[in-house]
Amino acid sequence: MTVTALLLIGLVLALLALRQPVVVILGAATAFCYALISHGNVGWIVVDAWEAANRELLLSIPLYILAGNLMSRGAMAERLIRVSKALAAPVPAGLAIAAVISCALFAAVSGSGTVTLLAIGPVMYPALVQAGYPRAFAVGLLCAGGTLGIIIPPSIPLILYGVMTQTSVTELFLAGIGPGLLLIILLAGYSIARHWRLRGAGWDVAEIGAAIRSGAWSLFMPVLILGGIYSGYFTATESAGVAVVYAVLVETLVHRRLGIRDLHAVVIETVQLLGALFPVLMLALSLNVFLTYEQVPESLVAGLASAIDGPGTFLLFTNVLLLLVGCLVDIGSAILILAPLLKPLAVAQGIDPVHLGILMTVNLELGYLTPPMGLNLIVATIAFREDFWTICRAVLPFIALLLAGLIVVTYVPQLSLFLLARPG
Amino acid sequence: MRTAERLLKILSGLERLGAFLAFLVLIGVVFLDVASREVTGTGLHWAMQVGVYANLVVVLLGIGITSAAGAHLRPRFADGWLPRAWDGVLGRLQEGVTGLFFAAFAIVGALVVAETRELGERAPVLGNLVWPLQALIPAVSAAGAVRHLIYSAWPALRPRQPAASPANPEASGPS
């Protein structure tokens, strides 16, 4: 068994050195497990992968990504920003707060951190600099604000966690609200503390009215998606489908920003993302079937029982592990591979699986801001035309803020669970 | 090389067309299901299964579209493990190994589909035979093998290996 395990590790390291994509590494590792460890039929990988993708819940992922891309390409994001700016103008650091609120509103539609940064960043960055905010602060704030996209529901990582651990996605979405609000408050509070004196004139009622009129269709989108899910009127999939149709109608008929060619381009762009995500998802679920069949999670729980002597130790271990993993691999792959292994450990320590899902997402959110793999850092270098290391330095205080948020989310489970009618 | 380039172009065109049409079906059936529930009081019992199949077509064809854009998820922390001077050879090797993986997956997939066909397996809701749709797995895997082996043979045809960019923001992950 030891030789086999060493061979498996060697295979993975060799494929990493040969710069293989995750899908190849995961596929080869799964095939290895089926062939050599359980002496089974490698064809089961195909059967399991097929069954994995043959699920209704997964339909929400392509539809949410498409809705976010449509809003980003169209005029909806701009109009959300206008409303936020008009409302936050006279507040200290009003424009910075408007940037955070815009990110949060957009996040309540897109489910993606990078799409949120790309939709809000290019509009808000020059506005913040022009209003007197230091460049480093503006870059850091927008990079951090963009990460709200993955914790504020609907969230693609939370859907992936729900699929991998058979946890209710609706409960996960509800649980994301508290931590999402906490992070918004932390970012807004830090902005006020740093730039108390930067504020606009008083409220301009005419501008507020005009902004709300022009942004009414955009403002209704989060209400439609989240209101539909939380009221029980729509499932997550139905809500995503309605969101796409709504976004297409608004952008083509009301805002008249997108034509047929644009729609085609947005769909193909979305398919490209799905072609990267879904094969990994399918193979990860296949590997998960193997691990479950071989009772690996149970063995892991038993093996670590002596080392982990309580929920506190487990939470510390999980956070350190995820912070390291988040620096190296993308959040989707990390959740797909680690969630099924961590869930039984968490349950054995009396931790709610919904809380674990939120904790994983908030923790891996930091991976967007940490070099060398921080996706929002890479995107920001191009979107804001700033040097990579300048951006890395700019996000440091915001990493500290998100870490503070992570500690609260980790050790105050009620923050995530208070809407679920069960105590943490 | 020109023939290979033309082949890749045709392949990409077919994948994009198929994925686009399947995505329209996916959006259509999910929305129709909700609309039908609102209008007639009952949803369409077949809608979600058709949506699932449409999604399968989208994501399976999407694998090729992602390959053509060089946008598969790839951990980059190990890129410096081997000397940079070997990049030329490594690029060919990288594509060759990916091509062989897809070729192996195509063969295994074909065997599974043959078995499903022999068993006459049918889907629970729609009652359709499963194998014709399942056959997409070996088909797209074979196409992936051809594509990556072409990239290995003619590296000039490889897509640029991007980090994430605004045009391709999710090259490292779609979340």
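Reader: Let's start with Arg19(A): where is it found in chain A?

Author: Bear in mind that this is a predicted model. Arg19(A) isn't a glycine, yet its phi is positive, at about 60°. As for its place in the chain, Arg19(A) sits in the loop between α1 (2–17) and α2 (22–37) of chain A.

Reader: Which residue forms a salt bridge with Arg19(A)?

Author: The rule wants a side-chain nitrogen of Lys or Arg within 4 Å of a carboxyl oxygen of Asp or Glu. Here the closest N and O atoms are 3.0 Å apart, and the partner lies on chain B: Asp87(B).

Reader: And how many salt bridges does the rule find across the interface of chain B and chain A?

Author: Over all chains, the count comes to 11 salt bridges. One that crosses between chains runs from Glu238(A) in helix α12 (residues 236–254) of chain A to Arg37(B) in helix α1 of chain B, with 2.9 Å from N to O. Across the interface of chain B and chain A, the rule finds 2.

Reader: What area do chain B and chain A bury between them?

Author: The size of an interface is often given as the accessible area lost when the parts come together. In this model, 65 residues of chain B are in contact with 74 residues of chain A, and 12 residue pairs between the chains are in polar contact. Of the buried area, 76% is on carbon and sulfur atoms, and the total is about 6200 Å².

Reader: Which element gives the most to the side of chain B that touches chain A?

Author: The elements giving two or more residues to that side are α1 (2–40), α2, α3 (87–119) and α4 (131–134) of chain B. The residues on that side divide into 40 nonpolar, 15 polar and 10 charged. With 14 residues, the biggest giver is α2(B).

Reader: Zooming out on chain B, what pattern does it follow along the sequence?

Author: The C-alpha atoms of chain B fill a box of roughly 65 × 45 × 30 Å along the principal axes. Its secondary structure comes to 5 helices and 0 strands. Read along the sequence, that gives α-α-α-α-α.

Reader: How are α2(B) and α5(B) oriented to each other, and why?

Author: Helix α2 (residues 47–68) and helix α5 (residues 136–153) of chain B pack with their axes 10 Å apart, at an angle of about 0°. Angles under 35 degrees count as roughly parallel. So α2(B) and α5(B) are, relative to each other, roughly parallel.

Reader: How do the residues of that contact of α2(B) with α5(B) divide?

Author: On the α2(B) side, the contact includes Val57(B), Leu60(B) and Leu61(B), while Ile137(B), Val140(B) and Arg147(B) are among those from α5(B). Sorted by class, the residues of the contact come to 8 nonpolar, 3 polar and 1 charged.

Methods: Residues are numbered from 1 along each chain as its sequence is written. Chains are lettered from A and ligands numbered from 1 in the order in which they are written. This is a predicted model: local features need pLDDT of at least 70, side-chain atom pairs count only at pLDDT 80 or more; totals for chains, interfaces and linings use all residues. Side-chain values use heavy atoms; hydrogens and water are left out. Axes are lines fitted to C-alpha atoms, for helices over the stretch in contact, and angles run from 0 to 180 degrees between N-to-C directions. Helices (H or I, at least four residues) and strands (E, at least two) are DSSP runs, numbered from the N terminus. Angles under 35 degrees count as roughly parallel, over 145 as roughly antiparallel, 65 to 115 as roughly perpendicular and the rest as oblique. Contact means heavy atoms within 4.5 Å. Ala, Val, Leu, Ile, Met, Phe, Trp, Tyr, Cys and Pro count as nonpolar, Asp, Glu, Lys and Arg as charged, and the others, Gly among them, as polar. Buried area is the accessible area (1.4 Å probe) that two parts lose on being put together, summed over both. A polar contact is a pair of N or O atoms within 3.5 Å; within protein, one must be able to donate a hydrogen and the other to accept it, and residues adjacent in sequence count only if both atoms are side-chain atoms.
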